[in-house]
Amino acid sequence: MTRVGLYPGSFDPIHNGHIDIIGRAVKLVDKLVLGVAIDTGKTPMFDLDERVAMVEEAVAPLRGATEIVVQPYQGLTTHFAHETGAGIMVRGLRAVTDFEFEFALTAMNQQLDREVETVFLMADPRHLAIASRLVKEIVLLGGDVTKFVSADVRDRLMAKAGRD
Ligand code: ADP
């Protein structure tokens, strides 16, 4: 039996906290689908193609025994989990604030689909504070995000901020 996991997110952009979760999630499943949400609930800084390209670039070094598939998706995450055959949904937890939101989301998802089990991976203490929103803000305000994202993502962020 192939265990398929789904790690969904907007990845706007992907950062070291996400990469750490992906690096750990591949140890739990045979195939990991990285679902890049088309509907993000807010206007993303990066369009879908850019977000997918950044995820592809970031996971290239993690490719090994576990198959990693990067796939955009629209609509309910539980529907997408079904489409991909994922029985496990992976989410990262940073802080108590994440917990409240994730707890509600998981409870709703359970009502929508009982076959998908959500697994939470605690953020590595080194990456606890990293959030896509903060990374974007730092770049727009003239700061350096080298510690939080890959060189490729940093360059793309700098270009968006007109700092290249
Ligand atoms: P959203 O757009 O739903 O906030 P993201 O695309 O930023 O989500 O992230 C997707 C997943 O990655 C979520 O489960 C989120 O909690 C998790 N995540 C985000 N930042 C970190 C981090 N620094 N460490 C661990 N997990 C994280």
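The buried residues of helix α5 pack against α1 (16–25) and α6. That comes from a predicted model, so read everything below with that in mind.

**Helix α5**

- Helix α5 spans residues 132–140, and its buried residues are Ser 132, Val 135, Lys 136 and Val 139.
- These residues sit on the same side of α5, because the arc they cover around the axis is only 95°.
- After α5 comes Gly 142, with a positive phi near 95°.

**How α2 meets α6**

- Two packed helices are described by the angle between their axes and the distance between the axes.
- For α2 (residues 48–59) and α6 (residues 151–160), the angle is about 155° and the axes are 10 Å apart.
- Since angles over 145 degrees count as roughly antiparallel, that's the label for α2 against α6.
- On the α2 side, Glu 50, Ala 53, Met 54 and Glu 57 make the contact, while α6 brings Asp 152, Val 153, Arg 156 and Lys 160.
- Sort the residues of this contact by type and you get 3 nonpolar, no polar and 5 charged.

**Helix α3, one side in and one side out**

- Helix α3 covers residues 77–84, and its buried residues are Thr 77, Thr 78, Phe 80, Ala 81 and Thr 84.
- Their arc around the axis is only 160°, so they lie on the same side of α3.
- Look at the other side of α3 and you'll find His 79 and Glu 83, both exposed.
- What do the buried residues of α3 pack against? Their partners are the strands β1 (4–9), β2 (31–37), β3 (67–73) and β4 (88–93), plus helix α4 (96–112).
- Just past the end of α3, Gly 85 has a positive phi of about 80°.

**Phe 80 up close**

- Phe 80 belongs to helix α3, and its relative accessibility of 3% makes it buried.
- Skipping neighbours within four places in sequence, Phe 80 is in contact with Leu 6, Val 33, Gly 35, Gln 71, Pro 72 and Tyr 73.
- Leu 6 is 74 residues away from Phe 80 in sequence, yet their C-alpha atoms are 8.8 Å apart in space.

**Aromatic pairs**

- Search the whole structure and 3 aromatic pairs turn up.
- Tyr 73 and Phe 80 form a stacked pair, because their planes are at 10°, with ring centres 4.6 Å apart.
- Tyr 73 also counts as buried, with 8% relative accessibility.

**The loop between β1 and α1**

- Phe 11 is in the loop between β1 and α1, where its backbone has a positive phi of about 50° even though Phe 11 is not a glycine.
- Which form does the peptide bond from Asp 12 to Pro 13 take? The bond is cis, with omega near 0°.
- Pro 13 is likewise placed in the loop between β1 and α1.

**Pro 61, out in the open**

- Pro 61 lies in the loop that links α2 and β3.
- Is Pro 61 buried or exposed? Its relative accessibility is 67%, so Pro 61 counts as exposed.
- Gly 23 is 38 residues from Pro 61 along the chain, and the C-alpha atoms of the two are separated by 9.6 Å.

Conventions
Residues are numbered from 1 along each chain as its sequence is written. This is a predicted model: local features need pLDDT of at least 70, side-chain atom pairs count only at pLDDT 80 or more; totals for chains, interfaces and linings use all residues. Side-chain values use heavy atoms; hydrogens and water are left out. Axes are lines fitted to C-alpha atoms, for helices over the stretch in contact, and angles run from 0 to 180 degrees between N-to-C directions. Helices (H or I, at least four residues) and strands (E, at least two) are DSSP runs, numbered from the N terminus. Angles under 35 degrees count as roughly parallel, over 145 as roughly antiparallel, 65 to 115 as roughly perpendicular and the rest as oblique. Contact means heavy atoms within 4.5 Å. Ala, Val, Leu, Ile, Met, Phe, Trp, Tyr, Cys and Pro count as nonpolar, Asp, Glu, Lys and Arg as charged, and the others, Gly among them, as polar. Buried means under 20% relative accessible area, exposed over 50%, partly exposed in between (1.4 Å probe, protein chains only). The arc is that of the directions from the helix axis to the C-beta atoms. Rings of Phe, Tyr and Trp (its six-membered ring) pair if their centres lie within 6.5 Å; planes under 30 degrees apart count as stacked, over 60 as edge-to-face and the rest as tilted.
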